[in-house]
Each structure stands twice: as C-alpha cells, then as structure tokens.
Amino acid sequence: MSRKTKEAVQGVIYILPSFVLILIFCIVPIFMSGFFSFTDYNIMNAPEFVGLDNYKKMFQDSYVRDAAKNTLLYVVMTVPVQTLLALTLAAFLAEKMRNKTGGFLRSVMFIPVIASAVTAGTIWRIILNTDGGFLNNILNFFHISSVNWLGSTQTSLLSICIVAVWKNVGYFLVIYYAGIMGIQKELYEAAKVDGATSIQQFTKITLPILKPITYLVVTLGIIWSFQVFDLAYLMTGGGPGHSSVTLVMGIYNAAFKQYKMGYACAMAMFLLIMIIIINVIEDLFFKEKREAK
Amino acid sequence: MNEKKQKWTVFSILGLLLLILFAAICIAPFIYMAIMSFTKSTTLMLHMKDINFTDFTNFQYVLGKSGFIRALINSIIVVFCSCLFNCIIASMAAYGFTKKKFPGREVIFRIYLLTLMIPGQVTMIPVFIMMNKAGLTNTYFALIVIILNAFGVFLIRQFMDSVPDELLEAAKVDGCPEYRIFIQIVIPLIKPVLISLVVFTFVTSWNDFLWPLVSTSDSSMYTLTVALSLLKTQYQTNYGLIMAGATVSFLFPFVMYVFLQKQFVEGIALSGIKG
C-alpha cells in the first residue's frame with residue numbers, strides 16, 4: 001500500500017465513528033422528518049401518505065397560531081432587552097472594571113447560564129408565586145399590589161421572558177466582553193487626543209467594531225427563542241389557556257401526547273425552515289460586511 | 001499616575017449601580033433556593049425560626065423517598081459516559097480532518113458544520129421513532145448517544161493546528177505505531193481543549209431536559225432534570241422539598257464552575273461561535 005493510500009485509510013477510520021453517528025442521529029432524521037411531515041403516522045401503524053394535509057391543518061390550527069404568535073412575541077421581548085443589557089454591562093465592565101471586582105461580577109452574572117432551565121424554572125415558579133411569592137412580597141413592600149405572574153394570560157408569557165433574559169444575559173455579556181477586550185487600545189487613545197468624549201468613543205469606535213458580534217448575539221438570541229421549551233413547560237405548562245404555548249411545546253404535545261408524529265414533523269420542519277432563514281439572513285449581513293471592507 | 005486614574009462621572013456611577021444590581025438579581029434566586037431548602041415550612045413566608053441550616057431533613061426526604069437518588073445516579077452515569085464518549089470520538093475525527101489527507105475531506109467537514117445549524121427538536125421525533133423500534137428507549141444508550149454533535153469536532157479541529165506536523169513525522173520515522181501516536185502524542189497536546197469540551201458536554205448533558213423527558217417513561221431511568229420537573233406535581237406546596245431538589249440538581253455544575261471557571265466560560269461561550 002502506498003503511503004498516500006495508507007494515510008487516506010487512516011483518515012477515514014478516524015472520522016468514521018463520528019460520521020456514522022452524525023449520519024444516523026442528525027442527517028437521516030432530517031429526511032425522515034421531511035418524509036413523515038407528508039404522512040399520517042401514529043408509530044403503531046405504517047405511515048400513510050396525506051400530501052400537504054399536515055401543513056394545511058397546521059396553518060389553521062389555533063394552537064399552532066398562538067404558539068407562533070407567542071414565539072414571535074417572545075423574540076421581540078427578549079432579544080432586544082438581553083442584547084442591550086449584555087452590551088451595556090459588558091461596556092461598563094470593560095471601561096471601569098478590568099480588575100478583580102469586575103471579574104467577580106462577571107462570574108456572578110454567568111451563574112444563571114450554568115443552571116439548567118429546569119432548575120431556573122423551578123426556583124422562579126416559586127419566586128413568582130402570587131400569594132406570598134418573593135417578588136410580590138417586594139412589590140407589596142413598596143405598596144404595589146400583588147401580580148398574578150404565572151396565572152394570568154396578561155403576564156404569563158412576560159414572566160417567562162423575564163426569566164429567559166435573566167438566564168441569557170451572562171452568556172451574551174461574556175461574548176461582548178471578549179469582543180470589547182479585543183479592540184486595539186490605540187484607537188481609543190487616538191480618539192482621546194482628538195477630543196472625543198467617552199460616549200462618542202463608544203458610538204463611533206466600539207459599536208461599529210462590535211457589529212459582527214452583535215449579529216451573532218442577535219441571531220443566537222432569535223434561534224434560542226424559537227427553540228424555547230423548558231422554561232415555559234416548567235413555569236406555566238403553556239397556560240393559562242394558550243397564553244404561553246411555544247412552537248416546540250406544540251411539537252412535543254403533538255408527538256408525545258397525541259402521537260401525531262406526522263403532524264409534529266410538519267411543525268418541526270416549519271421550525272427548521274425558520275431557523276435556516278435566520279441563518280441565511282445573518283450570512284447575507286456578514287457577506288455585505290466582508291465586501292464593504 | 002494621574003493619567004491612569006479613572007474619572008468617576010455620574011454616568012459611570014449609574015453604570016456601577018446597574019452592574020451591582022444585576023449581579024445581585026443573578027445570584028439572589030439561588031440564595032433564596034438554598035435557604036428555602038433548609039426550611040420546614042410549607043408556606044412561602046420565610047420566618048427565621050423555620051430556618052435551620054443543620055437540618056437536612058428535606059434533602060434526606062427528597063433523595064430517599066422520591067427516587068431522586070436514582071435520578072442523581074442516572075445523571076452522573078449519563079454525563080460521565082457522554083463526556084468520555086464525546087472526547088474520544090470528537091478528537092479522533094478532528095485528528096483525521098487536520099492531519100490525514102483523504103478524498104472528500106473538505107466536503108465532509110462542510111457537512112459536519114451544516115449539521116450544527118439543525119436544532120435537536122427537529123431530529124428528535126425520527127430519533128425517538130428509531131429508538132422505539134429498536135427497543136432502546138429507557139436505556140442509558142439512548143440518553144448518551146444523542147450528546148455527540150459536530151461541535152466537539154469543530155472545537156478540537158481549531159486546536160489541532162497547535163500539534164506540530166514535524167513531531168508526528170518524527171514519531172512515524174521512529175516506527176511508532178499510528179494508534180500510539182494518537183494516544184500518546186496527540187491527546188496530551190490537546191488536553192486544554194478537551195477540558196473545555198468536557199465542561200461543555202457536562203453542562204449540556206446535565207441540563208438536557210426535552211430528550212430525557214421524551215426517551216424515558218420508566219421512572220427508574222429518569223435523569224435529574226426530569227425528576228425535578230416532577231417534584232412540583234408530587235409535592236405541590238412543600239416548597240422546602242422542591243427547593244432541596246433544585247439545590248441538589250444545581251450543586252454539581254455549580255461546584256464544578258467554582259473550580260473550573262475559565263474553562264466553563266470558554267467551553268460554554270464558544271458553543272455559540274460556531275460555523
């Protein structure tokens with residue numbers, strides 16, 4: 001065997017285990033999902049081809065419509081808030097607190113990131129309890145009347161959004177902080193010589209340089225929001241009514257509560273297409289930036 | 001010296017207040033959780049007399065009576081195996097992709113990267129159907145095998161460049177067999193990135209909820225997240241017990257975070273910067 005062939009064989013052997021697993025558990029399932037989405041399938045009987053029925057049904061289903069609406073609202077409520085908050089906190093940390101105290105504050109803000117959504121949801125469900133919950137106690141202390149956070153259709157989704165922001169900010173903060181630390185100091189010194197104020201420095205130097213990071217933070221934020229399940233399942237279970245159901249909850253219920261695998265796959269394909277579209281838009285933004293350079 | 005002194009304006013004091021306030025909001029729920037887990041009261045009102053930090057009744061009860069201990073052991077087994085399994089398979093693949101030339105190498109790697117875009121919720125149903133038909137639901141295998149994804153390969157591949165080709169060549173010339181080159185030279189050199197991958201895998205696997213929820217129906221196979229999510233239906237308003245369960249589930253990642261902070265932030269933060 002020549003050296004080249006030997007090397008090629010070795011290479012294939014090294015990647016084979018991962019390739020087989022990715023093929024079986026990621027690539028094949030995508031096509032299966034696509035196929036099942038055109039069928040009526042309850043796992044027990046063979047899948048029965050129904051054409052576009054699942055998709056037609058899906059767009060008329062009030063549950064799916066509410067889930068899509070909630071997911072969109074969830075994106076609108078969480079992504080801007082967590083992005084702005086992470087950026088502001090990171091900017092202050094990088095500007096004034098490049099020391100141990102700053103490091104400690106960053107570590108503390110990362111703690112919600114490492115907790116599972118289940119742990120976070122469990123704690124917050126109790127904190128947000130209407131009668132005697134910690135948050136309402138604080139509100140009462142300031143003579144504000146108790147809010148039925150999780151039990152009212154007005155606030156159930158909002159409550160989940162607040163907890164999601166609380167949990168995500170630390171993550172995006174770390175990404176922003178690394179980005180700001182990577183900016184050359186000379187840029188700021190030159191700006192200072194020219195008499196730029198710190199706000200001008202921030203808007204004219206920091207923000208433009210951080211643009212690719214902002215795209216990343218926003219795209220990730222949107223993609224995570226589309227996939228939200230754990231928090232909503234734990235805190236409200238989708239209720240009251242349909243007020244906090246999400247797309248993934250719809251998939252879960254259809255597949256594992258009602259055993260409508262085909263219908264659930266149609267919803268999953270819808271989710272996949274949404275995520276691909278977001279990724280493509282992000283890519284286009286990046287390309288534009290690269291060409292501008 | 002004077003130049004280095006930072007100016008504290010009203011603006012920056014507001015910033016500092018915001019930082020401290022947010023840090024407090026980040027940590028407060030966990031402190032509340034820890035305190036609640038030591039109370040016997042079933043009301044939400046905290047009275048100092050109800051709090052007894054030497055009383056581990058809630059923990060004993062949760063771990064003993066509710067099958068929580070079984071879930072804890074399951075989680076430990078699943079997490080340990082997924083970390084090991086992910087590290088071995090991902091470093092093999094990363095080594096193959098960077099140090100071995102074979103036809104189709106670039107294309108296959110592009111495919112790996114594309115799979116990173118696909119959310120688990122989309123592949124979950126067909127994977128469940130396959131596992132179900134193969135009789136593999138309610139097994140450790142089902143819980144572990146799902147953890148591998150292309151992210152580990154991608155992460156280690158970036159680090160492989162720091163392994164010098166000359167070193168591998170020299171070993172080969174000396175007649176060192178291929179498997180020993182990989183195990184004795186490559187693996188020790190990529191140790192730092194393997195730690196990041198372990199941390200990342202640990203957190204993903206420990207915190208995973210949807211897949212264990214779907215793939216286990218037998219309560220003896222539940223993982224911690226599933227068991228914790230069920231406590232609220234089991235114990236209703238016994239908040240002390242529920243919080244004890246939450247504390248147990250949070251303790252492991254938290255202790256690891258305290259010791260491996262840098263790797264945590266790297267391992268987890270990097271997961272977003274892919275593709």
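In chain A, the C-alpha centres of domain 1 and domain 2 lie 35 Å apart. Domain 1 covers residues 1–36 and domain 2 covers residues 52–292, the bounds coming from an automatic or database domain assignment. The model is predicted, so that local features need pLDDT of at least 70 and side-chain atom pairs count only at pLDDT 80 or more, while totals for chains, interfaces and linings use all residues. Residues are numbered from 1 along each chain as its sequence is written, and chains are lettered from A and ligands numbered from 1 in the order in which they are written.

Along the principal axes, its C-alpha atoms fill a box of roughly 80 × 75 × 35 Å. The chain contains 13 helices and two strands (DSSP runs of H or I, at least four residues, and of E, at least two, numbered from the N terminus). Of the 293 residues, 43% are buried (20 or more other C-beta atoms within 10 Å of the residue's own, with C-beta atoms placed from the backbone).

A:Leu105 is located in helix H4, residues 100–114. This residue counts as buried because 22 C-beta neighbours lie inside 10 Å. Neighbours within four places in sequence aside, A:Leu105 is in contact with A:Leu93 and A:Met97, and also with B:Leu19 and B:Ala23 (contact: C-beta atoms, placed from the backbone, within 7 Å). The C-alpha atoms of A:Leu105 and A:Ile15 are separated by 41 Å, at 90 residues apart along the chain.

Key:
Buried ≥ 20, exposed ≤ 12 C-beta atoms within 10 Å, placed from the backbone. Contact = placed C-beta atoms within 7 Å.
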